[in-house]
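Look over the structure first, then read on.

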Amino acid sequence: MDDIVFYTVEIIQSIIDGVLFGSTYALIGIGFTLIFGAMHKLNMTYAAASLAGAYIGLAFFTLFDAPVMLVFLAAIVGSAGIGLIVYYICFRYIPVEDHLAALMASVGALFFIDEIVIHATNASPLTFPALFDDVMFELGPFGIRGDLLFVFAVSLISMAALWYVLYRTRLGLATRAVSQQGIAAQLCGIDIHRTNGTTFVVAGMLGGVAGSMIGASVGILSPLLTLPITIKGLIVTVIGGLGSIPGAIVAGFLVGALENVFLFVRGVNERDMYIMLLLFVFLVFRPHGIFSRRAERD
Amino acid sequence: MLTVGDVFTSYGMIKALNGVTLSASEGEITCLLGPNGAGKTTLMFTIAGILRAQAGSIKFDGQSIERLSAAKVVEAGIALVPENRLVFPTMSVEENLEAGAFIRVAKDRAGVDDDIERMYMRFPVLKERREQMAGTLSGGEQQMLALARALMSRPRILLMDEPSVGLAPLIVEDIFQIIRDVNADGMTILLVEQNANMALSVADKFYLLEHGRVTFEGAPGELEQDEVIRRAYLGTE
């Protein structure tokens, strides 16, 4: 009996931690999905750029002893800047219909950024500052980590800010117009290249939030994070449905929660295996994401 | 007002326009007739800056516009209502209208709001549906929305590409009445149509486009009209 109670409490605790941390996956998923919505192309560099942004923030911390909030801010600006550079190098001048070329260019940029980070840090993990990491809220048998709660709150605020930009500003109107009907958007006088560039900057800002929040909750930054975050971001994007922001949010929480449950039940060695399996389950049964109808089979 | 001079446009290897020359005069409705594949939509997209001409000139009020981007063409005062309407499907009717006024919404918010009200007066059905997603409108309503959206940029010439396509005959009558009304308010219109009878009923002047070049021009009511209508529908061998 005691075993069952202990087990249930631990599972729920895992889900709570997972959902809180999953908000960063949701941000990465939103970034992938925003760019896909605008250009119908995958920007494989995105997660690497987000973490690189966090490294830029960290540089301010170690070199100038900057306050933590400034570290996060530098990460946001850095990641947005990298986003714009990636747009110009991998997307802007590559023919619109050539999807493979843009995909390969962005994979190249992913490895390039990763190499820069490895070179600059000698591939060793670096400590990343957090806020409220000494706070713990007790909720009956459950504990809620202050740093994770902060990460969660910052992620939600970022999502709300994105919602405001998309639905309440001229820029958001342009972004949605370009993603829904590119030709009509141009006929309305919307500059499609400028709008796409801005979308990369906005996505990059979200990535900077995600990257620094990942650093803050893990406590370290390491080049070893790049690949898992890229893959989990893509999984979140697929589960949420390519182009769907609400889908990416829900999928981010879902992947975060399941990942932690698998961690508790099967251990760290097997955890990611099940998350990958989840990708195939969705690709087979719900290829257009969590909010779509079941796939028709022939 | 709008002059197209010897324009050539290709889609990859396919030559869609082989030296098109025509002009649209201020205050008139100019019709462009022709069978499928004649290059009518290509010409509209070339004028609008979506496609680029390989050769030739396009002048609007004496200003060369053939090198301008689509966005700059809109700013110059040209608006295109594209074939198949191309409304923004998951934006509300009102947001579609705002998007149509994109070039001036930052500078002239009050004017844009006034224009939206004016569009609602002209198209009462859009007012009823203002909060509805544009993708859920009927074909005729979408055509009215696409037209209203184009007018929101306050153009001096309106290009319309096949406004009757896919619509029931009664709705087509409505759309053409609206075209007459808009023209009566002083709008210059360049109209592309498959439905030659309808088009000739509103046109001041018409051109027949075949195989990427103008093969006939004239005014409705002239002797050759029946032959033109036959060729507009069937093409020539």
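## Handedness and the model

A crossing is right-handed if the near helix is turned clockwise from the far one by less than a right angle, and left-handed if it is turned anticlockwise. The crossing of H2(A) and H8(A) is right-handed. H9(A) and H11(A) cross in the left-handed sense. This is a predicted model.

## H2 and H8 of chain A

Helix H2 of chain A covers residues 46-64, and helix H8 of chain A covers residues 192-218. Their axes come within 7 Å and cross at roughly 60°. H2(A) and H8(A) are therefore oblique to each other.

Which residues of H2(A) make the contact? They are Tyr46(A), Ser50(A), Leu51(A) and Ala54(A). H8(A) contributes Ala203(A), Gly204(A), Leu206(A), Gly207(A), Gly208(A), Gly211(A) and Ser212(A). Sorted by class, the contact of H2(A) with H8(A) has five nonpolar residues, six polar and no charged ones.

## H9 and H11 of chain A

Helix H9 of chain A runs over residues 226-240, and helix H11 of chain A over residues 268-285. The two axes come within 10 Å and cross at roughly 30°. That makes H9(A) roughly parallel to H11(A).

From H9(A), the residues in contact are Ile231(A), Lys232(A), Ile235(A), Val238(A) and Ile239(A). In H11(A) they meet Arg271(A), Asp272(A), Ile275(A), Met276(A), Leu278(A), Leu279(A), Phe282(A) and Leu283(A). What classes of residue does the contact of H9(A) with H11(A) have? There are 10 nonpolar residues, no polar and three charged.

How values were computed: Residues are numbered from 1 along each chain as its sequence is written. Chains are lettered from A and ligands numbered from 1 in the order in which they are written. This is a predicted model: local features need pLDDT of at least 70, side-chain atom pairs count only at pLDDT 80 or more; totals for chains, interfaces and linings use all residues. Side-chain values use heavy atoms; hydrogens and water are left out. Axes are lines fitted to C-alpha atoms, for helices over the stretch in contact, and angles run from 0 to 180 degrees between N-to-C directions. Helices (H or I, at least four residues) and strands (E, at least two) are DSSP runs, numbered from the N terminus. Angles under 35 degrees count as roughly parallel, over 145 as roughly antiparallel, 65 to 115 as roughly perpendicular and the rest as oblique. Contact means heavy atoms within 4.5 Å. Ala, Val, Leu, Ile, Met, Phe, Trp, Tyr, Cys and Pro count as nonpolar, Asp, Glu, Lys and Arg as charged, and the others, Gly among them, as polar.
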